Amino acid sequence: MTTCLWCQQPMIHVLDLKWFFSLKPIAPYLVCATCQKQVSKLSEVTCCSGCGQAASSTALCKECQVWQEKYPHHFLSHQALYQYNDFFKEWMKQYKFQGIFHLRMMFAEDLRKQLKKYHHYTIVPIPISEERLQERGYNQVSALLDAAKMPYTPLLKKEVHSERQSSKSKKQRLETQQPFCVRQELVQQIEGQAILIVDDIYTTGSTLRHAYQCLDELGVKVIKTLTLAR
Amino acid sequence: MKGYLIFPGILSLLIVVALFYPNAIFIYLLLLLFLFRLGHTKCLKVISLTIFCGLVVLLVGYFKIYHVSTLLNGTETQLQVQVAPDGIKVNGNLLRLQGSYQTDKGKETLILFYTLANEEEQKAWQKQSDPLQLEVIGTLECPEGNRNRYQFNYQQYLKHQGIQWVMSIDQIKKQQVNQPNWWAFDVRLTKLRIQAIQTLEQKFNQRSFSYIVALVIGNGDFIEPEYKEIQQQLGIVPLFVISGLHIHFLCQFIEYFLLRIGVTKEKSQCLLLVGLLIYGQFVGFGVSVMRVVLIHFFTFLAALLKQRFASLDYFFLALIVSLLYQPQFILNIGFQLSYGVTAIFLLFGYLVQPLSSIKKNLFLSFLASLFSAPILAFHFFEIPLYSMLFNCLLLPFFEWVLIPLCFFLCLVGLCFSATSLVLTLVVQLSNGIFLFLDDLLMFFGKLPYLTFVTGRLSIFTISIYFCGFFGLLIYLYQPKKFYRSISSILVCCLFILVGSIQIKNYFMAGEVMMIDVGQGDAILIRLPNHQGDYLIDTGGQISYEKAAWQIRSNEQSLAKKTLIPYLKSEGITRLETVFITHAHLDHFGALEELSEEIQIDEVVFPKGSDKSSTFSTVLNKLDEKGLQLTPVLAETTYQKQSFSAEILFPFKVETGGNNDSLVLQTTFGTLSWLFVGDLEKEGEAELLKKYPQLKIDVLKIGHHGSKTSSSAAFIEQLQPTYGLISCGKKNRFDHPHKITLDQLLSSQVMIYRTDLQGAIYMKYMPNEHEPFQKILTND
């Protein structure tokens, strides 16, 4: 009997009529309906046009305005798939820090759907340092992209092995120095292309901004960012 | 495969429909679309299992429907037949047996009819609950096909059950009880059921009894025709076939009880499995009961095998199994409504979940009504307009009051004796509820504009309607705009339905139809492009005195049984003019009942025929209703809109006898027609004297082909190419007489007869006409 990827309960497949009257193939269901409900999609609500957070209007939120003042030349246009809530906190914990690798499949389908919309962008995942890779065994972002069966270019590299972002305070994070650099051997490949930076989560936005800055300096014209959660 | 049983379910359904309606092209289109979609699932397991299941259904269905062989040759007069206890039906003085004839080559089922001689015999048969072995003498006949268009086809109905012969028994020579073997549980259970029904019939009054049998056993035969008609017009028929809640609760209760007394879960599930099968056999696996029993059976079976499927899967499994068991179920209205509405509830249940309970109820009855509308229209040729309202009102009442009550009454009735205090008390109390329900239905039944007559819907229209219905529900429905979306769906569905009917009417050819009304005349004239419908005579039955015991419960008048359903099946709600040729019952008998259901604008009859007392009573009643009554005499032209006819007879005021018949001459297409009513030789001579040059193409032969009409001079003068005779099959007057037939043959008239060929019709357009066609196929 198939069990839910998240709650491990046996799963009953409920037929979706819209699916039946379409030409889509049978895709195995991974998550049961109850667990599915815990995820709140940001695509269904209005979001801030800067950071992609749920907001009352699409105008820049306060946080984005602060960023705007700080870096007037960086205009981040971010999109997130899901709201970062208790469920997502737990998911992150299990996927990232407890190493439950197969959880990457949970959002593969949605991620793929979303990335398909950026078909003329080159996807660049946020890298992790060698030491972290050794410790964790996988880069959580490129693993997500692999699961979504989307090609990507590992243009960025993390030279400095720093403390985990998640264990820092907001202030510490904002003060972090640029940890990324560009793999020069891949620069030619992305010549003149638009780039989509993908990460697992947007918390303060500093990681993404560092990556943005890195690519901006390279002379990339169009840069967009996307994360699973916000 | 889990969660995807909808694929084999729908394939089986389409295949069985295609087997029954091989000419409906649209079904093949749907099949192709379905296979296309199936291919796109890209799941080998689902595709192969679905195709396998489809092939099994196709093979089994084909053999069950088409591959019917017989052991009899039709000349046997003496047969040994075995009759199961549920094969015996007594209706008034008619005994109907479904028996099986057994030889070493195999077994064949046949239907036997016997007219009971007296009340004692009737009582004895009514008490019969044993399997019987009979030796009978009688004559075998092929069952009769439908005699009018869209009428119930008894021949096909029987053929689909593998029955090819009907025997009318003259004498039952020997009758002995066949004791069933100890292992024949099915026979024993059937016997138990018959006995239970007999017990219930004794202990309850007719009203309670009919509801108990209809709702607990799933057999609606005992509901009085009057109430059946009201249920049909109100559109609450689905209520009788959809609920399975009582079985659900019963299973839960028993399971809980077994667990409490210390039986393990596995064992109690095993017990329930067996119990369900026994229950199903006990109530006789009627279509709706079978659905509920099968669904629960599969649920328990899956639980026992440590599996869990979605409820839709159990449903489709039950559908496939019942289609394999008896493919002809699909033609049954109970099956269509019961499975259809359940499927709708399961498929669209997710839409209901966020709604409040009132909206939930409203939405479910909305779905049930919209779904059942074309099915009801297919069977009864009309759509109940308020069905949504009534279903909404009565659904909770049925589910929470009536069905549990009937179940309870059934148990009490079987456990307590007729004289016990408990039973009398319960009967008294419950009677009030049934009385209230019947009064309520009666009250609703008197409301105006209950139904909208659609005529017989084609499979194409129904398919289009369902495609629209599903599409709208899936893509248009928005829970946030509840009332707006359901009303727009409602409007769209009605638009599809009414639109398709209107388009059909607009492109309609004209038609002259000599309806088969048995011994009598009734000729329907439909002008091309829906310009008006006219009727010449209505037909009618001459009734004979009968003792109370002889009267059959479902016996209906000719108007109710044949004429009105036929007119409705053609989508006719209004007749411009009804011509009554003369004042005999076989020509105007059905007029009064007809006027109650179909709007008649004008009645035309020969002046003087209102002197007949029976006819004048009818005319008076029609006059009270405000119908226009027009007595006419020759020689005039009757003109109404684009219809015109010459009235050639009678010249003077008479008394409405045969020789005073109204004679009409008119043209359809390029043919000239003469309708002479029952005009006899004297009248014919008078007519000829007046019009010595009269020539026509089609003659409605006078007086049903009697020798008193159609004199040689008359036929030779008119020189008709076609002669139409309307008379009853094996009528007591021996019409048409051989002399008349010989006379017509010698004048080279092509004869068409309703007694042999069923209804006769000709389609025409203003300048052309098609050849005559007949309804009955086995000439």
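This is a predicted model: local features need pLDDT of at least 70, side-chain atom pairs count only at pLDDT 80 or more; totals for chains, interfaces and linings use all residues.
**Entry 1: a pair of strands**

I started with β14(B) and found 5 bridges joining it to β15 of chain B, residues 643–649, with the two strands running antiparallel. One pairing I looked up was Thr636(B), whose bridge partner in β15(B) is Ile647(B).

**Entry 2: the whole sheet**

I got an open sheet of 7 strands in chain B, ordered β14-β15-β16-β17-β18-β19-β20, with mixed pairing. From one strand to the next, I get an average twist of 20 degrees. Then I checked what packs on the sheet: helix α27 of chain B, residues 738–746, does, and it touches β19 (722–725) and β20 of that chain. I put the angle between the directions of α27(B) and β20(B) at about 145 degrees.

**Entry 3: where chain B meets chain A**

I turned to the contact between the chains, which takes 24 residues from chain B and 15 residues from chain A. About 1,900 Å² is buried between them, and carbon and sulfur atoms give 71% of that. On the chain B side, I see Tyr4(B), Arg37(B) and Arg308(B) losing the most area, together 31% of what that side buries.

How many salt bridges cross the interface of chain B and chain A? I found 0. For polar contacts between the two chains, I count 5 residue pairs, both residues at pLDDT 80 or more.

Helices α1 (6–20), α2 (25–39) and α19 (459–475) of chain B each supply at least two residues of the side touching chain A.

Notes: Residues are numbered from 1 along each chain as its sequence is written. Chains are lettered from A and ligands numbered from 1 in the order in which they are written. Side-chain values use heavy atoms; hydrogens and water are left out. Two strands pair if DSSP finds at least two bridges between them. Helices (H or I, at least four residues) and strands (E, at least two) are DSSP runs, numbered from the N terminus. Axes are lines fitted to C-alpha atoms, for helices over the stretch in contact, and angles run from 0 to 180 degrees between N-to-C directions. Contact means heavy atoms within 4.5 Å. Buried area is the accessible area (1.4 Å probe) that two parts lose on being put together, summed over both. A salt bridge is a side-chain nitrogen of Lys or Arg within 4 Å of a carboxyl oxygen of Asp or Glu. A polar contact is a pair of N or O atoms within 3.5 Å; within protein, one must be able to donate a hydrogen and the other to accept it, and residues adjacent in sequence count only if both atoms are side-chain atoms.
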